[in-house]
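Please keep the sequence and the structure in view while reading.

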Amino acid sequence: MPNDIAHFAIHADDCERAKRFYEGVFGWTFSPWGPPDFWVIETSPGALRGALQKRPPTAEGSALTGFECTVSVKDVESIQRAISAHGGTVTMPPFLIEGVGTLVKFRDAEGNEACAMQYLPGGM
């Protein structure tokens with residue numbers, strides 16, 4: 001399995017304003033899913049899907065800005081070990097998202113925030 005980018009998330013202070021922006025600029029569509037202030041983004045049929053969600057605080061308590069990418073991996077536990085071995089920091093240990101898969105959040109050696117997900121069969 002290649003370790004492809006499988007998902008992206010846009011964090012927003014005002015999710016409705018962000019939806020209007022991306023609908024108007026790119027024509028993306030949004031469907032509510034899961035918790036409050038969370039939408040699935042479809043950029044086009046069959047293309048990479050993303051999420052719009054309320055902006056979470058980072059480990060230091062500051063606001064995360066930018067797009068957060070998720071890499072699809074075969075074995076999240078081995079990826080967690082590799083992150084640490086190669087100078088990265090696990091910021092949230094692996095946890096199961098019911099019906100989707102197991103996610104680990106990390107900061108790379110340059111301080112960039114990202115995720116790796118071991119998807120369940122049929123998961124997002």
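## Overview of the chain

The protein chain has 124 residues, of which 34% count as buried; buried means under 20% relative accessible area, exposed means over 50%, and partly exposed lies in between (1.4 Å probe, protein chains only). The model is a predicted one, in which local features need pLDDT of at least 70 and side-chain atom pairs count only at pLDDT 80 or more, while totals for chains, interfaces and linings use all residues. Residues are numbered from 1 along each chain as its sequence is written, and side-chain values use heavy atoms, with hydrogens and water left out.

The secondary structure comes to 2 helices and 8 strands. Helices (H or I, at least four residues) and strands (E, at least two) are DSSP runs, numbered from the N terminus. In that direction the elements run β-α-β-β-β-β-α-β-β-β. Contact means heavy atoms within 4.5 Å; among contacts between residues at least 6 apart in sequence, 47% join residues at least 24 apart.

## The sheet and its helices

The 8 strands form an open sheet with mixed pairing, in the order β2-β3-β4-β1-β5-β8-β7-β6. Two strands pair if DSSP finds at least two bridges between them. The edge strands, β2 and β6 (89-97), each pair on one side only. On average, neighbouring strands of this sheet are turned by 25° against each other, direction ignored. Axes are lines fitted to C-alpha atoms, for helices over the stretch in contact, and angles run from 0 to 180 degrees between N-to-C directions.

Strand β3 (residues 38-42) pairs with strand β4 (residues 49-54) in the antiparallel sense over 5 bridges. Within this pairing, Glu42 stands opposite Arg49 in β4.

Helix α1 packs on the sheet and touches β1 (5-12), β2, β3, β4 and β5 (67-72); its direction makes about 150° with that of β4. Helix α2 (residues 76-85) also packs on the sheet, touching β6, β7 (101-107) and β8 (113-119), and its direction makes about 170° with that of β6.

Which residues of α2 are buried? They are Val76, Gln80 and Ile83. These residues lie on the same side of α2 because they cover an arc of only 60° around the axis, the arc being that of the directions from the helix axis to the C-beta atoms. They pack against β6, β7 and β8, whereas Arg81 and Ala85 are exposed on the other side of α2.

## The aromatic cluster

The structure holds 4 aromatic pairs. Rings of Phe, Tyr and Trp (its six-membered ring) pair if their centres lie within 6.5 Å; planes under 30 degrees apart count as stacked, over 60 as edge-to-face and the rest as tilted. Phe21 and Tyr22 form an edge-to-face pair, at 4.9 Å centre to centre and with 85° between the planes. Ring pairs link Phe8, Phe21, Tyr22 and Trp28 into a cluster.

| Residue | Relative accessibility | Class |
|---|---|---|
| Phe21 | 44% | partly exposed |
| Tyr22 | 12% | buried |
| Trp28 | 14% | buried |

Trp28 lies in the loop between α1 (15-26) and β2 (29-32). Leaving aside residues up to four places away in sequence, Trp28 touches Phe8, Ile10, Tyr22, Glu23, Ile41, Glu42 and Thr43. Trp28 and Glu42 are 14 residues apart in sequence, and 5.9 Å apart in space, C-alpha to C-alpha.
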